[in-house]
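The notes follow in the order I took them.

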Amino acid sequence: MKVKVFSQSGARKFSYKHKKPFVIVSITDSFKVTPNFSRDNPNIIGVCRVAFDDIYQDVSGMIAFNADHAKKIIDFIDRNFDQVDCIVFHCYAGISRSAAVAKVVCDYKGIDSSFIDKAGIYQPNDYVVRVFNDYVGGK
């Protein structure tokens with residue numbers, strides 16, 4: 001299984017050219033419009049859209065990652081895992097939220113996540129990792 005972590009623009013570009021079945025976990029800020037992906041690529045099996053802000057604690061007026069987000073993502077991954085060659089994770093910059101979600105999903109599915117730590121470009125959001133791990137640990 002291939003795992004890709006992209007910025008929003010990188011995920012859009014990928015959605016137009018990938019030639020094997022894949023899914024997208026699309027992470028946006030709570031106040032942003034969700035991006036469009038290629039409707040012409042039949043290899044996009046599905047898109048899981050979640051909206052939460054890149055914060056490390058509860059902040060008034062913002063949406064923190066929570067167990068409902070985790071459940072939605074895990075249910076989507078479990079439902080589609082055997083049908084795809086690649087899982088794409090993206091957030092706006094492709095550094096913090098998407099890397100955190102990708103790391104936990106990789107660990108949950110037994111996929112090597114060391115590329116996230118080794119790449120030197122990702123900074124997984126610790127709050128997202130902690131809340132997500134609490135959720136998958138209880139499954």
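**Aromatic rings**

I started with the cluster: Phe6, Phe14 and Phe22 form a single aromatic cluster. I note here that the model is a predicted one.

Next I counted ring pairs, taking centres within 6.5 Å as the cut-off. The count gave five aromatic pairs. One of them joins phenylalanine 65 and phenylalanine 132, with 5.3 Å centre to centre and 45° between the planes, and I logged this pair as tilted. I then looked up where the two rings sit. Phenylalanine 65 is in the loop between β3 (44–51) and α2 (67–80), while phenylalanine 132 belongs to helix α5 (residues 126–137), so this pair ties together parts that are 67 residues apart in sequence. I checked burial as well, and both phenylalanine 65 and phenylalanine 132 are buried.

I turned to phenylalanine 115 and tyrosine 122, which form an edge-to-face aromatic pair at 6.4 Å centre to centre, with 90° between the planes. Are its two members buried or exposed? Phenylalanine 115 counts as partly exposed because its relative accessibility is 27%, and buried means under 20%. Tyrosine 122 has 16% relative accessibility and therefore counts as buried.

**Charges over rings**

Which ring has the charged end of arginine 97 over it? I found that the ring is that of phenylalanine 52, with the charged end 6.0 Å from the ring centre.

Notes:
Residues are numbered from 1 along each chain as its sequence is written. This is a predicted model: local features need pLDDT of at least 70, side-chain atom pairs count only at pLDDT 80 or more; totals for chains, interfaces and linings use all residues. Side-chain values use heavy atoms; hydrogens and water are left out. Rings of Phe, Tyr and Trp (its six-membered ring) pair if their centres lie within 6.5 Å; planes under 30 degrees apart count as stacked, over 60 as edge-to-face and the rest as tilted. Helices (H or I, at least four residues) and strands (E, at least two) are DSSP runs, numbered from the N terminus. Buried means under 20% relative accessible area, exposed over 50%, partly exposed in between (1.4 Å probe, protein chains only). A charge sits over a ring if NZ of Lys or CZ of Arg is within 6 Å of the ring centre and within 35 degrees of the ring normal.
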